[in-house]
Amino acid sequence: MDNQYNKIIKLNVGGTKYMTSMTTLKAKGENFITRMIENSHTGKIPTLMDDEDFYFIDRNGRVFEVILDYLRTGEIWYPPSISKEQIEREMDFYNIELPPPKVIVEEKTPKDFLKEIIALRNTYADKDVQQFLDEHWEKIFSVLKSNVQAGQNECTISFSERPNNAEWFVNIGTQIIICRNYGRAFPSKLQQVLSHRYGFTCSVCRGSSSQSFSLNIYGFDAAD
């Protein structure tokens with residue numbers, strides 16, 4: 001028998017194709033898939049192969065993505081589009097046990113996102129970031145909230161220096177404000193607060209001027 005641990009395992013689950021390893025598939029012990037593959041040469045378990053030599057399993061491919069991610073990470077999440085009952089049914093079919101409740105991670109909803117960005121107001125550490133957000137967070141929050149409600153998952157805040165170099169023009173959506181020029185290090189500080197420390201996906205793009213930049217906040221869940 002070929003050593004399956006040295007091979008990429010190719011699976012076609014209901015038409016959705018995945019590639020993984022036997023080590024990943026056995027992360028939670030033996031199951032329907034590992035037994036199927038290991039016995040594919042003996043005929044003990046009937047095996048179907050597609051035209052590209054993927055093992056074919058006639059089950060729900062979208063749900064299997066959740067199960068495979070669980071085998072890879074040890075955590076399971078419940079996407080809004082897939083019910084917990086669907087996942088439990090497929091886990092039972094594959095003979096894979098559900099994790100204990102403490103490692104179940106619920107996917108964040110737009111309401112969760114809005115609660116978190118509200119909570120930022122009083123929890124940032126850098127004094128410049130604190131001053132900026134204390135003065136202008138309501139405007140930023142209103143744009144973020146509108147974008148979430150409109151089903152958008154991106155928001156851009158643009159900064160450009162004024163002729164006196166002591167102040168910035170700040171575009172937040174359709175609103176323009178003027179604030180103190182906080183210096184070249186400010187973009188990274190603001191990004192760290194919104195991204196590194198609180199989990200939001202942010203990026204800083206420099207403009208033509210050394211004091212011009214835009215902060216993109218994107219990737220948050222804006223689905224209903």
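Trainee: How many aromatic pairs does the structure hold?

Mentor: The structure holds 5 aromatic pairs. Rings of Phe, Tyr and Trp (its six-membered ring) pair if their centres lie within 6.5 Å; planes under 30 degrees apart count as stacked, over 60 as edge-to-face and the rest as tilted. Keep in mind that this is a predicted model: local features need pLDDT of at least 70, side-chain atom pairs count only at pLDDT 80 or more, and totals for chains, interfaces and linings use all residues. Residues are numbered from 1 along each chain as its sequence is written, and side-chain values use heavy atoms, with hydrogens and water left out.

Trainee: Okay, what kind of aromatic pair do Y18 and F64 form?

Mentor: Edge-to-face, with 5.3 Å centre to centre and 65° between the planes. Y18 lies in strand β2 and F64 in helix α3, so this pair ties together parts that are 46 residues apart in sequence. Helices (H or I, at least four residues) and strands (E, at least two) are DSSP runs, numbered from the N terminus.

Trainee: Are Y18 and F64 buried or exposed?

Mentor: Both are buried. Buried means under 20% relative accessible area, exposed over 50%, partly exposed in between (1.4 Å probe, protein chains only).

Trainee: And why is the pair of F64 and Y94 tilted?

Mentor: Because the planes stand at 55°, with the ring centres 5.4 Å apart. F64 is in helix α3 and Y94 in helix α4, so parts 30 residues apart in sequence are tied together. Y18, F64 and Y94 also belong to one aromatic cluster, which includes F32 and F93.

Trainee: Switching to the core: which residues have the most contacts inside the largest nonpolar one?

Mentor: L11, L25, I33, I37, F64, I87 and Y94, in a core of 25 residues. A nonpolar core here is a set of buried Ala, Val, Leu, Ile, Met, Phe, Trp, Tyr and Cys residues joined through side-chain atoms within 4.5 Å. α3 gives the most to this core, with 7 residues. Apart from it lies another core, of 23 residues, with I157, F159, C179 and Y182 among them.

Trainee: What's the strand order in the open sheet?

Mentor: The order is β2-β1-β4-β3, 4 strands with mixed pairing. Two strands pair if DSSP finds at least two bridges between them. β2 and β3 are the edge strands, each pairing on one side only. β3 and β4 run antiparallel and are joined by 2 bridges, and L48 stands opposite F56 in β4.

Trainee: Which strands does α3 touch when it packs on the sheet?

Mentor: β1 and β2, and the direction of α3 makes about 15° with that of β2. Contact means heavy atoms within 4.5 Å. Axes are lines fitted to C-alpha atoms, for helices over the stretch in contact, and angles run from 0 to 180 degrees between N-to-C directions.

Trainee: Last topic, how many salt bridges does the structure hold?

Mentor: 6 of them, each a side-chain nitrogen of Lys or Arg within 4 Å of a carboxyl oxygen of Asp or Glu. One is K17 with D50, whose closest N and O atoms are 3.5 Å apart. K17 lies in strand β2 and D50 in the loop between β3 and β4, so the pair ties together parts 33 residues apart in sequence.

Trainee: Is D50 buried or exposed?

Mentor: D50 is buried, at 18% relative accessible area, whereas K17 is partly exposed at 37%.

Trainee: What about K26, which side chains meet it in salt bridges?

Mentor: E30 does, at 3.0 Å from N to O, and E38 does at 2.6 Å. E38 sits in helix α2 and K26 in the loop between α1 and α2, 12 residues apart.
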